[in-house]
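Dear colleague,

Please find the structure below, handed over for your use. The findings follow directly after it.

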Amino acid sequence: MTAFLTASVTNAPGVYYAFENSDNVGKGIVILLLIGSIITWTVMLDKWWSLHRAKRLSIRFCSLFQEYGETNMLTSALLREAENNSGPVAAIYSAGVEKLLDFYASKGTNSRGIPVPCKLSEAQYNAVEAVLEREVSSQIKELETRIGWLATLVSLSPFCGLFGTVWGVMMAFCGIAAAGKSDFTALAPGVAGALLTTVAGLIVAIPSLVGYNALTNMIRQLTVTMDNFTEEFMVCVKLSQLKFHEHDID
């Protein structure tokens with residue numbers, strides 16, 4: 001979009017004419033909006049790629065967890081995948097497992113130095129759940145990094161364009177009044193330059209709005225995935241604790 005606008009300014013006589021007949025304030029606003037357009041597309045493309053990658057890695061880890069988690073959530077396949085997987089769900093799993101292993105280690109280790117699973121108290125169970133929830137919040141915060149730039153540009157760009165238009169029209173009428181002319185040909189150059197800022201503002205605002213909505217929707221879907229995984233993790237912990245409860249009854 002930035003390249004298209006730049007090409008239009010340099011190649012299309014109408015746009016170039018409008019830009020040349022703008023005053024320094026109008027030209028400054030157009031240049032500022034061009035910079036905003038570059039920032040918009042840079043953030044959108046970078047965030048789309050990172051969110052797409054996070055979604056793909058999360059789906060892969062969730063599938064593996066559903067395969068092994070119900071029987072043994074500490075299996076080597078899951079632990080190995082968590083080390084190599086940089087997705088948010090794998091990070092949540094690693095945080096929960098680390099807390100579990102801390103509690104298990106307090107009860108001792110086997111001959112290979114691996115913590116032995118044991119029965120957890122209610123406080124320990126709540127502590128594991130709190131760690132998972134805290135990691136989910138941390139991952140959401142990371143996913144939302146720089147999204148605020150898009151929200152700011154969506155709101156700010158049209159107002160910058162409107163300010164440039166009002167300023168340009170005002171200066172055009174002031175010029176006509178000073179020159180003592182009232183014909184349309186004297187008014188047209190100033191109005192054309194003024195309206196250019198509105199066009200530039202919309203060119204920045206419209207992609208920013210579309211990109212912001214698309215990216216926030218991806219973040220919302222990832223948040224649901226992380227919340228669901230947290231519940232699945234705690235269910236697996238409960239199921240593993242039932243074994244110790246049944247052993248106590250026997």
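Phe173 is found in helix α7, where helices (H or I, at least four residues) and strands (E, at least two) are DSSP runs numbered from the N terminus. With a relative accessible area of 47%, Phe173 is partly exposed; buried means under 20% relative accessible area, exposed over 50%, and partly exposed in between (1.4 Å probe, protein chains only). The C-alpha atom of Phe173 is separated by 9.0 Å from that of Val191, 18 residues apart along the chain.

Helix α7 also holds Ser157, which is buried at a relative accessible area of 2%. Between the C-alpha atoms of Ser157 and Val204, 47 residues apart along the chain, the separation is 6.3 Å.

Please note that this is a predicted model, in which local features need pLDDT of at least 70 and side-chain atom pairs count only at pLDDT 80 or more, while totals for chains, interfaces and linings use all residues. Residues are numbered from 1 along each chain as its sequence is written, and side-chain values use heavy atoms, with hydrogens and water left out.

Salt bridges

How many salt bridges does the structure hold? There are two, a salt bridge being a side-chain nitrogen of Lys or Arg within 4 Å of a carboxyl oxygen of Asp or Glu.

One of them joins the side chains of Asp46 and Arg146 (2.1 Å, N to O). Asp46 lies in helix α3 (residues 24-68) and Arg146 in the loop between α6 (122-143) and α7 (147-179), so this pair ties together parts that are 100 residues apart in sequence. Asp46 is partly exposed at 33% relative accessibility, and Arg146 is partly exposed at 36%.

In a further salt bridge, the side chains of Arg60 and Glu81 meet (3.1 Å, N to O). This pair links distant parts of the chain, with Arg60 in helix α3 and Glu81 in helix α4 (residues 76-84), 21 residues apart. Arg60 is partly exposed, with a relative accessible area of 44%, whereas Glu81 is buried, with 16%.

Nonpolar surface patch

Ile31, Ile35, Ile39 and Trp149 make a nonpolar surface patch of about 370 Å². Patches are made of residues with over 30% relative accessible area and no salt bridge, like charges being joined within 9 Å and nonpolar side chains (Val, Leu, Ile, Met, Phe, Trp, Tyr) within 5 Å. Helix α3 gives the most to this patch, with three residues. Ile35 has its place in helix α3 and is partly exposed, at 43% relative accessibility.

Second largest pocket

The second largest pocket has a volume of about 200 Å³. On a 1 Å grid over the protein atoms alone, a pocket is an open set of points where a 1.4 Å probe fits, with protein on both sides within 12 Å along at least five of seven lines, and lining residues have an atom within 4 Å of a point.

By type, the lining of the second largest pocket divides into six nonpolar, five polar and four charged residues.

With kind regards

Definitions and conventions. Accessible areas come from the Shrake-Rupley method with a 1.4 Å probe; for residues, only the protein chains shown count as cover. Grid points are joined across faces, edges and corners, and a volume is the space filled by probe spheres set on the points. Ala, Val, Leu, Ile, Met, Phe, Trp, Tyr, Cys and Pro count as nonpolar, Asp, Glu, Lys and Arg as charged, and the others, Gly among them, as polar.
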